[in-house]
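Colleague: I'd like to learn how to read a model like this one. Can you walk me through it, feature by feature?

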Amino acid sequence: MGSSRRSFMKLSAEAAALLAVAPLACSRANRMVAPGLGEGTGWEPGYLALERSGELAARAERLWGMLASCELCARRCGVNRLAGETGVCSSTSRLKVHGAAPHFGEEPPLVGRRGSGTIFFSNCNLLCCYCQNWEINHRGDGSFLAIEALAEMMLELQQRGCHNINVVTPTHVVPHIVQAVRQAIPRGLRLPLVYNTGGYDNPEVIALLAGIVDIYLPDFKYQDGEAAARYSAGARDYPEVAAAVIREMHRQVGVLEVDERGVARRGLLIRHLVLPHNLAGTDRFVRWVAAELGPETAVNIMSQYRPEYRAVDIPELSRRLTPEEWRQALTWAREAGLTNLV
Ligand code: SF4
């Protein structure tokens with residue numbers, strides 16, 4: 001069951017394996033391409049072709065320029081992050097990272113045998129009241145990092161055998177991520193990039209990521225704007241935004257593809273966390289996926305909701321799911337005809 005964005009702080013064993021938020025000691029000679037990916041296999045991540053054509057440099061420049069009047073996400077704050085201003089995500093143009101580690105709690109196609117190479121960015125643009133990583137996403141725990149160090153982290157995760165680079169809560173730091181990928185390419189980066197987002201992105205920014213991101217891993221949290229506004233810091237247009245974002249992701253990468261080992265290398269996988277009292281609109285969500293994207297779309301319907309952070313004080317969110325609520329969610333998915341529940 002996918003859980004990285006929600007349970008990272010709680011995975012103490014994995015936390016012990018965190019890569020330091022600092023330049024890592026890893027000689028270039030020791031770096032290797034992960035088994036089954038990259039050199040010699042005939043497969044390569046999309047960003048390599050874009051780098052060869054010069055397009056990746058152009059996109060990186062355009063994305064960095066957006067920091068001057070930030071509309072990187074659907075909040076469209078318009079603040080000048082390059083000048084130190086901050087919007088809803090509390091982030092200037094300085095990169096802040098909580099940590100990175102091979103993670104084994106994601107969906108099986110992302111984990112494989114060697115883990116998903118997760119990198120957790122500090123702060124968030126969505127700010128859900130039930131966030132299970134509130135120390136990172138709301139409080140902003142983490143350390144400021146140079147982009148060179150982020151590139152080094154990616155290479156270290158590859159060296160450790162991870163199957164992908166999984167950027168968690170990436171929306172407000174897309175320019176930094178693309179620049180880091182560019183810096184890591186000549187030093188051997190060959191892993192697919194997983195864009196692991198809460199779904200409140202700017203569809204125009206997602207369009208700029210075409211060919212850069214191989215695997216999209218968005219949440220689709222709500223079908224109702226009232227719920228989105230109440231539980232995610234006023235994001236009333238979340239249902240429309242997430243639908244547009246996910247349609248664009250699907251247009252770019254299509255159905256989830258796996259290699260001969262069952263490890264994902266391209267495609268879309270949508271996460272949906274079932275909430276008490278059907279506040280996430282699970283019945284409408286599964287019908288939307290089947291009708292808009294097709295019943296073969298990979299979907300992870302998640303049962304692990306628990307009241308965290310401010311949700312303990314919100315009566316309708318202050319308990320876990322009942323067994324009946326979970327059974328009902330799976331029944332809706334089956335009735336909608338979804339065939340690829342991960
Ligand atoms: S990333 Fe989103 S929340 Fe952050 S400043 Fe830009 S538009 Fe605002």
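**Reading the model**

Modeller: Let's start in a loop: Asn123 is found in the loop between β2 and α6 (134-137). Helices (H or I, at least four residues) and strands (E, at least two) are DSSP runs, numbered from the N terminus. Mind that this is a predicted model, where local features need pLDDT of at least 70, side-chain atom pairs count only at pLDDT 80 or more, and totals for chains, interfaces and linings use all residues. Residues are numbered from 1 along each chain as its sequence is written.

Colleague: Is Asn123 buried or exposed, and what is its phi?

Modeller: The general idea for burial is a neighbour count: a residue is buried if 20 or more other C-beta atoms lie within 10 Å of its own, exposed if 12 or fewer, and partly exposed in between, with C-beta atoms placed from the backbone. Asn123 has 22 C-beta neighbours inside 10 Å, so it counts as buried. Its phi is positive, about 75°, although Asn123 is not a glycine.

Colleague: Where does Ser90 lie, and what is its phi?

Modeller: Ser90 lies in the loop between α4 and β1, and its phi is near 55°, a positive value in a residue other than glycine. Ser90 counts as partly exposed because it has 17 C-beta neighbours inside 10 Å.

Colleague: How many helices and strands does the protein chain have, and what share of its residues is buried?

Modeller: The protein chain has 13 helices and 9 strands. Of its 342 residues, 51% are buried. For contacts, the rule is that two residues' C-beta atoms, placed from the backbone, lie within 7 Å. Among contacts between residues at least 6 apart in sequence, 74% join residues at least 24 apart.

Colleague: Now strands. Which way do the side chains of β2 point?

Modeller: In a regular strand the side chains alternate between the two faces of the sheet. In β2, Ser116, Thr118 and Phe120 point one way and Gly117, Ile119 and Phe121 the other way, and all are buried.

Colleague: Which strands pair with β2?

Modeller: Two strands pair if DSSP finds at least two bridges between them. Strand β1 (residues 96-103) pairs with β2 in the antiparallel sense over 6 bridges, and Ala101 has Thr118 as its bridge partner in β2. Strand β4 (residues 165-168) pairs with β2 in the parallel sense over 4 bridges. Thr118 turns up again here, with Asn166 as its bridge partner in β4.

Colleague: What about β8: how many of its residues are buried, and which strands does it join?

Modeller: In β8 (residues 264-273), 10 of the 10 residues are buried. Strand β6 (residues 215-218) runs parallel to β8, with 2 bridges, and Tyr216 has Leu268 as its bridge partner. Strand β7 (residues 257-258) is antiparallel to β8, also with 2 bridges, and there Val258 is partnered by Ala264. The hairpin of β7 and β8 has 5 residues between the strands, and Gly262 in that hairpin takes a positive phi near 85°. The chain goes from β8 through helix α12 (residues 282-293) to β9 in a right-handed β-α-β crossover; right-handed here means that, with the strands pointing away from the viewer, the path from the first strand over the helix to the second runs clockwise.

Colleague: Why is α8 described as largely enclosed?

Modeller: Because 10 of the 11 residues of helix α8 (residues 174-184) are buried, it is largely enclosed by the rest of the structure. The buried ones include His176, Gln179 and Arg182. The elements covering them include α3 (46-53), α4 (55-65), α7 (147-159), β4, β5 (193-197) and α9.

Colleague: Last one: which residues are closest to the ligand?

Modeller: Being near a molecule takes a C-beta atom, placed from the backbone, within 6 Å of it. Here 14 residues surround the ligand, and the closest are Cys70, Cys73, Cys77, Gly87 and Cys89.
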